[in-house]
Each structure stands twice: as structure tokens, then as C-alpha cells.
Amino acid sequence: MTANATTVANPLQALATLHQSPWLDFIRRSFVLDGTLAKLVREGDIRGVTSNPAIFQKAMGEGTEYDAQMRDVLSTSILSPGALYEKLAVTDIQAAAAALAPVYEDSKGRDGFVSLEVSPYLARDTHGTTHEAARLWADVARPNLMVKIPATPQGVPAIRQSIAAGINVNVTLIFSLAAYRDVVEAWLCGLEELKAKGGDISRVASVASFFVSRIDAKIDAEIDRRIKAGDKQAPALAALRGKVAIANAKMAYVYWQEIMQTPRWKALEAAGAQTQRLLWASTGTKDKAYSDVLYVDSLIGPQTVNTLPPATMDAFRDHGRVHETLTTGVNDARTVMDQAEQLGLNLEGVTATLLDEGVRSFADAFDALLGSVAAKQATLMGEKLTSLKAHLPDELAKAVDSGMEDWRHAGTLRRIWAKDATVWTGGPEANWLNWLDVVDERRANLAELEAFQAEVKARGFRQVLLMGMGGSSLGPEVLAMTFGKHEGFGHLYVLDSTDPQQVAAFEKKIDPHHALFIVASKSGSTLEPNIMLAYFQDLAKRALKDRAASHFVAITDPGSKLEAHAKQEGFWKIFSGDPKIGGRYSVLSNFGLVPAAASGIPLRLFIDDALRGVRLCDASVPPAINPGVRLGIIMGVAAKQFGRDKLSIIATPQIMDFGAWLEQLVAESTGKLGRGIIPIDDETLGGPRRYGQDRLFIYLRLATEHRHEQDEAIATLIDAGHPVVTITLHSKRQIAQEFFRWEMATAVAGAILGIDPFDQPDVEASKVETRKLTEAYEKTGALPPETPFAQCGPLAFFADAANAAALKGAGSDAAAVLKAHFDRVKPGDYVGLLAYIERNRDTLEWIQHTRLHVRDAKTVATAAEFGPRFLHSTGQAYKGGPNTGVFLQITADDARDLPVPGSNYTFGVVKAAQARGDFDVLAERGRRALRVHIRGSLKDGLAALAKALHAAL
Ligand SMILES: O=P(O)(O)OC[C@H]1O[C@](O)(CO)[C@@H](O)[C@@H]1O
């Protein structure tokens, strides 16, 4: 072929005469659909198309041309924005492939390709890239597809494997000759492997995309900088301006020519292989001082491709010059390269930087693209999704934005989804992450639960009694309280107490002949559910004789003692939990779904809502628009950097029980190692002055409740500068979405706090103390004696030596003791009322009233908790979290006690041992704690305590 200057009517078309293919570096839906692409192809201007994340970002990020398909797809499936993007992109790529099919056919499979890039997030991941290349190849399913893979050190093996798998590959982001050599090697090896396997190598096409203008942009900038700095070699440097990129490309072409002469290639060629063409990419001129077709005119040569941005295509069509430039001036090019080296222009460094920047900028573009798709998806889904609005003081807002940007930049969320424990402490976290997948998994196996639901209905149970603690009871309790009773199903009761009065009260609600008993315990060895089971099994056996077991269902992790017991007893059903999910993350597993089924909640609708939550928290959704990550960053940053570690949960009445579940999730997950977020649930909303600077408010609002007054009270807090996150639900069922959002948010907050959000080290400590006490009881028939340090009527005060010493000076007047205790409260502290008494309407009212009194007197956050329930929830944070809690433990004589079948001890003894074990650990952790024990009538004692508190505060 000779260098032959030609002025032709359409230079783009004339390139064919020199065996160069012009491709177009652009795609968008309208351009394909309105026939523009087909016309360009038909007229011979364009013989291929390339895309990249930045191109799709421009296409999908603005306008409405993808809305119709989005709406269509979203009406039938629940997808992540990442999956949605891929559907849209694949549709475009397939349409472009169809437009290019005539070229592909005419050229017998040598030209007419369209390229789709693997996710730029995988640029440093060989396995991920190989896997994704195969997936895209299968999804697009067109012979004229090329999968784009970057020439990073990790991409290169993926290129070889993909070629060996018979996939057409467009290798992208090649900047240096060294990298190009590796790419050629990978391509040759891939073909040889495919040939050795007996594959058809003749139809495996590949191009090596060598980037051009970006090199000049970098080198020229360095030249300009040095000249400006007065470099002695300024003239020589100036002479290289705008030359290095083209010289570099010419060297690559020389290398390709050499390869074409090797016996290795000849053997492949003889077997029918196509060459891997060099493709000039980044050929739009960046420096306005140069010709706008510089990187086209100068790189024309046989068996190459030039992919042109639309403006460069138009410019070249208008005034491009078609002559074979690639093979001319090769010596000059070599000289340019030598001079660049002599002048210390560090091409190696530049190309390495360009590779990093190239990967980075595609990842940034992909983030922006997915962010736009996610935003569009949220708009289209409207009220199918819950929403989040944050009102944060400026400083906090700025810190949150920068936290989100850090997470985006580092791809931390993708590491969460990849179950990478180093997101947290690098400890055992990876073993506790199956809550990420459980909704998909349960949804795929929903038939089992639906069948169970139908059987429960058919058996006509009138009550369902669930027995469990913490993660095994709080989720079901939210379901029971939020959804109430369903037609055709029994009422769901949730028992999570050892208080004998409470157990007796539940017993009254149950008719064993018509009750379904569900015992739920992941470990199967938790004290409370075991003794509750013993009690109610005994009750059922007495009533139902050998039919009793058919009224019992167990939910437990495989291999637990409870599972063995249930098998041995012949329980009606045993449902398994996933041992890679901790209790507080288990609500969307069988631990929530079995009670949901038993109480008649429409399972598919519920799980679909949960799945929407999962999809929108997906790895493909950037932090700023990711419902879970954004919330988690707000929580983590507010607590860590601003001391706003009291997560105050306000909710509209119909969904207010959600807070009980949330308390456990947040407290048990984050409260450890002296750090953590203290959830403050159900504290009646007050005016802005009631609160210190340590609050982050969460307002959970069910829009259909129309609680205007509550909205206004929240608005007052916002106006006063308190940080408020408002989450709006459009139906009760959307608590399913919120379950997942909060799981993700808590995991994220845990990462920011630098703790393992999946263990509960300090809960174990009080279990150990309790065990010691119950064992002592079994031996001696009594709990070890203890002496109050002060007594006043029905109120006896107990404390460990250190706390007693701090309070003793107060004397024995109840108000004085309480005053001395609460005088220890400082701004930023919280007060916990920990009541080991029956939880009923009266006691709830009492504790709420009392906490508000404390809050208003001290302007601190207050928690109102019942034991032993909170031990499996907030108890972790009280002991392991920041030492800012001041606790008043309330115990009482039991008006009646109940035996625990098969044990020497009673429910009352267990509860007393739990309270003492709890107190011992609080004291041992240096917490400010006081126990008040009510002797005689609980009602009178509570009244006396309230009176003393009023006097004290
Ligand atoms: O389901 P299990 O094993 O009975 O545990 C109940 C609860 O107890 C805790 O382990 C705390 O002791 C919680 O984390 C858990 O949710």
C-alpha cells in the first residue's frame, strides 16, 4: 500500500481504501432508534460503534428517552439500579448491533462491531472481569458484540481467558507500548488456548484500543510547565509539543507489524484467526491549538480502526485528509520518543498515571450514571419506595457529604456486598453477612412458607404465641403490633419476659386447644425461651396430651439443642435460620417470616417490599442516593464527629413499635468498645429546649396517618437547628423496606465507628453472672443474700461498693438518695430506667411519665426499658458503649411466682438473678448505677418511687 494523498468527497468513506475502519465513539437510544446510526452505516461513514461508562452517563443521565423502558421494566420486576442500567444498555447495544449487522456480514465477521464495557469497578479484579465479560456476552447474545476490558495488570489475564472462551474483546485503556505488548501476548495465548480446546478461532475478533490524545494532554502540560519555569531545554521541549502521542502510537503499530511476521502468529493465521487490530482511541483533539482531526489524519494505516467522537467524525468528514500516514515518518517518531526520554519527559510515569486516571474517570462516570439511574428509578417508583429527607446543621451536613464522597471514592459499599470484613475490623464479620442475600433467598423459596401459612389457616388457630428474646422476638412483635390480626388467622402474641406476672398474663390469653406455639431461638440455648417453652409445653401437654407437639413450631439454627428437642418431641414444624445471620439481622429470614406467615401477613407482598429495600441499597447505588448508606453515614458521622450519639426515634402511632426492633439493631450492633449509638425510643416529643446537643432525631412517618401536629412539632425542632432525618412510608407494609434500610445503615455506621457490628460481647457477661446466680440457687435453694445501703418505706436501695460510696452521704431518705444519684448526670449523658417488672399498660404509663420527668429536669436523653427484654437489646450498649449512661434499676417483690417445669428455680428467681447479673456487670464496667427494690405492692411502690423522684429532681 502506498501513501497516497487523496481528496475525496467523503474522507470517512475513503478510509476504507486504506483499510482503516472509522468507528463511532458514541451511543444513545434516540440516535439508534431514529435511524441515524443505520444511515451512517449504510452510507459507509461508520463501520463500528464503541461505548463506555462516560458515554452511557451522557445518554442516560439526562432527558427522558429511557423512561418508557424503565417504566416498563420496573412494572414487572424489582431491580437494582445497576441491573436496570444494564437492561437499558443491553437494549441499546443490541439495537446498534442490528444496525451494524450488514457490515458484520459483508466483512465476514471482520468488522461491524459494537462494544460494551465491563463495569469499571472490576478493573482491578481478574475474576470479576472474566465473569462479567461472559455474562455480558451471554446477555447481549450478538456475534458482533465486543466486550471491553481494560488493560490493567488484573484485566490482562481476564482478556486472555475471555478470548479463550471465544468472546470478542475490545481491550481498552492502553497507553504504553509495554502494556500493549502484554495485551498482544494475552490475545495470542487466548487464541492458542481456544484452538487447543478445539474452539473456532476464526470468529474471535479483537481490537487493542490505544489511547492517543490523552498522552499529549499530559505531556504537553508538563512541557508547558517546564518552559514556564525557565527550563534550559525549552526549545527542544517546545518542539515536542503535540508529537509524543502520535509517535507512541506509531511505535505500537511497528510492534504489531513485527508480531504479524512471527511464526506464532502465522500458525494462528493459518488456522483461520483474525488479527487483533489496533484501534486508535481518545482521538478527539483536546488542545484547540491543534487541528481538530490531528489524531485521525496522522494515524491512517491498514488493518486499524479509529473510533471517533461525533464532533471529530463530522470534522473529518468535512476536511479530513486520507493518506497512509501511519507507516510514514516512523524514524521521526522513534526520534521523538528518544528525545522525550532524553528530556526526562517520563512517558512511563505518564502512561501509568493515565491508566489510573482512566480507570478512575470511568468509575466516576459509572457512579454518576448509576446515581442518575437510581434517582430516575426512585422517581418512577414514587410511593412504592419510602423516602428520606435529612435536615442537618451545616457542619454536620458538610461532614456527611464528605463521608459519602469518601465512601463513593473508595467503593466501600461494594466491599460490604462482597462481604469484605476489612470494612469493619477485619475480624469475623464476613461470617455474619447473609442478611444481605436472605431476602432473595427466602423469596425464591417462598412456596414453603406459603404452604405453611395455608396449613395454619386451615387448622384454624385462634392464638399464636411466639416465645423468644431480642432478635427472635422484636421483629415478630413489630409485625404483630403494626399489622394486627388478619382475617382467618389467630392473634399473634409475643412473649419475651421472665416476669411471672407477665407469663401468667400471657397464659390467660391462650387456650392451648386453639393455640399455635412458636419458640424462636437462633442459638437454641437462650435461657428465657427455653424456660418459656418448658412452661407452655407443660401447659399444652396437660391440655392436649399426646397431641401437644402438633401445636408447636420451632425456629432455630441448624444443629441447635432446640432443634434436637423439637425433633425428639415431634414438633409440627421446624424452620431453620441461617447461621450466618445474627439475631438482630434476622427479621427478613425465617425468624420474621414464619411468625408473619402464622399471623396471616400476605407474604409475597411483604417480601416484595423488603426486596425493594434491598435493591435500592444495592452495591450499584452510590452513597448519596443509597437509602441505607446515606442514613448510616449520617448516623456514624453524627455520633463520631459531633457527639450526636443519641438516636432519638419518633414515629407516628401506627408504626411506632418499629422503634423496639430498631433499638436492638442499633444498640447491640454499635455499642461496644466504649463507642456506640444509644437509641432513644418512644420518648414523647418535646419542644426544642428539651434537648441537648447530643441528639440525632429520626422521624418515622406513615404518610397516610396525616399527623400534622407531629409534623409541625418536628418542624419546630428543625427550625431550632436540631438534626432531623425524616423517613416517610406510604403504607405500613413498607416497614419491610425499612428493615433492610436500617440493617444496612447500622452496618455502615458500625464501619464508621470502627467496631464489629455483628457481635455482642457484653451481653454474654451478664448471662455469665446470671448463670452463676441460678446455679447458686440450684445448690442452696436461695439467691446469695444482699443488704441495701439505704431503705425508706417500700423502697430499698442497693448498689455495688463504688456506687454506694458515691451515694451514701445522702442518708436513707429516698429522695435524697435519688437526688445524689441523678446529680451525677452531666450534659451529654443519658438516663436509663431499667424495670424488671411486668410490662403492661399501667407500668408503661408509669415509666413513660417518669422518664419525661427526668428528661425535663436534666435535659438529657432517657431510655425506658423492661428487663429482661432489654438485656437482649439495648443492654449491650449500656454495658459496652460509651460510659455516659446513668441507670436506675427497678426490681420488685413478685406478687406471685411460677415454677419452671423441670427446674428447681422459678421464673421469679430467674428474673431476680438476671437483674442482679445485669447490675453486677454495669457496676463492674464503672457505670453510674443504682438499684431500687420495691417491697410489697408494686403499685404503691411505684407511686412512692415517683414521689421520691419528683422530690429529688
Ligand atoms: O435467638 P437467640 O439465640 O435465642 O438469641 C436471642 C437474642 O439474644 C442475644 O444473643 C443477646 O443475648 C441477641 O443478640 C439475640 O437476638
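A: The cover over the buried residues of helix H35 includes helix H34 (814-822), strand S20 (830-835), strand S21 (861-866) and helix H38 (938-952), where two residues are in contact if their C-beta atoms, placed from the backbone, lie within 7 Å. This is a predicted model, in which local features need pLDDT of at least 70, side-chain atom pairs count only at pLDDT 80 or more, and totals for chains, interfaces and linings use all residues. Residues are numbered from 1 along each chain as its sequence is written. Helices (H or I, at least four residues) and strands (E, at least two) are DSSP runs, numbered from the N terminus.

H35 itself covers residues 841-858, and its 18 residues reach 26 Å from the first C-alpha to the last, close to the 26 Å expected at 1.5 Å a residue, the expected span being 1.5 Å times one less than the number of residues. Its buried residues (20 or more other C-beta atoms within 10 Å of their own, against 12 or fewer for exposed ones and partly exposed in between, with C-beta atoms placed from the backbone) are Thr-843, Trp-846, Ile-847, Thr-850, Arg-851, Val-854, Arg-855 and Lys-858. Seen down the axis of H35, these fall within an arc of 165°, so they line one face of the helix; the arc is that of the directions from the helix axis to the C-beta atoms. An α-helix has 3.6 residues a turn, so residues three or four places apart point the same way. On the face turned away from the buried side, H35 carries the exposed residues Arg-841 and Glu-845. Just after H35, Thr-859 takes a positive phi of about 50°.
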